[in-house]
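Student: Can you take me through this model? I'll ask as we go.

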Amino acid sequence: MTTLKEFEDALREQGMQMALAILQKLRERDKDKRSVAPARRITGRKMTPELARHILDLHATTDMTQQEIAFELGVNQGRVNEVIKRGKWLDDDPNSPEAIARDKAKARMKTTANRKPSVRRRDTSSQKRRPHTSSNQAQLSLGDL
C-alpha cells in the first residue's frame, strides 16, 4: 500500500502541480478540523456509586470489554474489574476500604507533586568492600559425564 508521502513524491516527479495544489488544500482543510487528544488519560474520574452502576449497566447491556468500558468512561480498567467482579464502589460509604484507599492515594499524589525530586547517592566511602573469593565448588567437565 502506498503512503501519502510516496503519492506526493510521485506527483512531484510527474510534474502534476495542480494535483499537488489540491492535495495541499485538502491538508490545510483537514488540519483545521483535526483535534489532538491524548492517547491515554493521565488521571481518571472519581469513582462514585453512580459511575459504578453505569459500569455495571454497560457490562450487562453491551458486549463491551472491560478495557472498552474503561476507555469510554475515563477510568482505569482495574476499577472496572473491581466493580464487576467484587461489587466495589456501589455504596456511598466514605469509610469503605476503597474510599479510604482513594483518599490516601490522593494525599500521596499531592505531597509528591509539591516535593522536588531528590537524587539519592550511595555513600560508598564508609562501606567496606569485601574481596571476591572463589568458592571451592567443583565444576563438571564434559569428560566427567
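Student: How much accessible surface does the protein chain have, and what share belongs to carbon and sulfur atoms?
Tutor: The accessible surface is about 13300 Å², and carbon and sulfur atoms hold 52% of that. Areas come from the Shrake-Rupley method with a 1.4 Å probe, and for residues only the protein chains shown count as cover. This is a predicted model, in which local features need pLDDT of at least 70, side-chain atom pairs count only at pLDDT 80 or more, and totals for chains, interfaces and linings use all residues. Residues are numbered from 1 along each chain as its sequence is written, and side-chain values use heavy atoms, with hydrogens and water left out.

Student: What share of the residues is buried?
Tutor: 16% of the 145 residues in the protein chain. Buried means under 20% relative accessible area, exposed over 50%, and partly exposed in between (1.4 Å probe, protein chains only).

Student: How many helices and strands?
Tutor: 6 helices and 0 strands. Helices are DSSP runs of H or I with at least four residues, strands are E runs of at least two, and both are numbered from the N terminus.

Student: Which residues have the most contacts inside the largest nonpolar core?
Tutor: Met47, Ile55, Leu73, Val75 and Val80, in a core of 14 residues. Such a core is a set of buried Ala, Val, Leu, Ile, Met, Phe, Trp, Tyr and Cys residues joined through side-chain atoms within 4.5 Å. Two or more residues each come from α3 (49–61), α4 (66–73) and α5 (77–86), and α3 gives the most, with 4 residues.

Student: Which residues of α4 are buried?
Tutor: Gln66, Ile69, Ala70 and Leu73. Down the axis of α4 they fall within an arc of 100°, so they line one face of the helix. The arc is that of the directions from the helix axis to the C-beta atoms.

Student: New topic: Glu82, buried or exposed?
Tutor: Glu82 counts as buried because its relative accessibility is 14%. Glu82 lies in helix α5.

Student: What does Glu82 touch?
Tutor: Gly87, Lys88 and Trp89, leaving out residues up to four places away in sequence. Contact here means heavy atoms within 4.5 Å.
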